[in-house]
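Here is a quick note for anyone opening this one for the first time. Have a look at the fold, then work through the points below.

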Amino acid sequence: MLENVMRLYNANFSPNALRVRAVAHELGVELEIVEVDIRAGDNRAAEFLARNSNAKVPVLEDGNFVLWESRAICAYLAGIRPEAGLYPDGLKTRALVDQWAWWQAIHLGPAMQKLSFELFLKEKFGMGDPDPTVVEVERKATDQFLAVLETGLDDKDWIAGALSLADFYLATTFMYRDQAGISLDEFPRIAGWIGRLEARDSWQKAVAPLLALFA
């Protein structure tokens with residue numbers, strides 16, 4: 001049992017904060033959620049900047065230990081509950097988790113997030129019309145990277161063999177796929193995989209505050 005409840009500085013619309021909430025629920029790690037109002041500039045306040053000078057969520061506070069960057073936070077939480085196996089000890093299996101984690105961060109994530117921003121979030125937040133040039137470029141990149149993920153899921157329920165942090169990292173990228181018109185019709189393995197992940201209680205609990213924003 002943990003002696004102290006950890007605090008997560010959170011913004012519900014953030015996919016990075018979502019993945020931390022989902023991993024915490026999956027692990028059964030209790031977090032005290034502290035909402036950071038980005039629109040009001042709470043992330044620019046001196047008190048918050050003292051925790052993360054990047055002015056971004058999420059931030060984890062565990063006693064006097066402060067940690068930012070969602071993947072680092074998730075790995076830390078997984079280390080608290082190693083028996084769950086989300087960040088396995090095996091050298092090769094952990095390397096596969098890391099491989100897909102970084103691939104999501106550098107390739108799939110930016111492409112899908114830019115596309116979702118242009119086709120959904122931009123209008124939602126009153127930021128103007130989609131830029132057709134950006135949409136064309138990111139649509140092409142998204143299709144390219146989805147094909148890679150489809151191949152990676154061949155004969156597997158989860159991307160590294162068993163459920164891992166990498167699945168949660170990847171899943172947050174798909175949050176606005178329907179609103180952005182990102183079809184998975186040509187990617188049946190991805191459709192099956194994201195359906196399994198999103199059906200988990202941990203994901204349902206984590207994503208509920210985000211869905212409430214667009215109800």
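1. UniProt lists residues 4-85 as "domain: GST N-terminal", in an unreviewed entry; its positions follow the numbering used here, feature names are shortened, and annotations may be inferred rather than shown by experiment. Keep in mind that this is a predicted model, where local features need pLDDT of at least 70, side-chain atom pairs count only at pLDDT 80 or more, and totals for chains, interfaces and linings use all residues. Residues are numbered from 1 along each chain as its sequence is written, and side-chain values use heavy atoms, with hydrogens and water left out.

2. Start with the sheet: it is open, has four strands in the order E2-E1-E3-E4, and mixes its pairing. Strands (E, at least two residues) and helices (H or I, at least four) are DSSP runs numbered from the N terminus, and two strands pair if DSSP finds at least two bridges between them. E2 (31-35) and E4 sit at the edges with a single partner strand each, so one side of each has no neighbour in the sheet.

3. Now follow Leu 8. Its bridge partner in E3 is Leu 60, and Leu 8 also stands opposite Ile 33 in E2. E1 and E2 pair in the parallel sense over five bridges, whereas E1 (residues 6-10) and E3 (residues 59-62) are antiparallel, over three bridges.

4. E3 and E4 (residues 65-68) are antiparallel too, over four bridges, with Asp 62 opposite Phe 65. Their hairpin has two residues between the strands, and Gly 63 takes a positive phi near 65° there.
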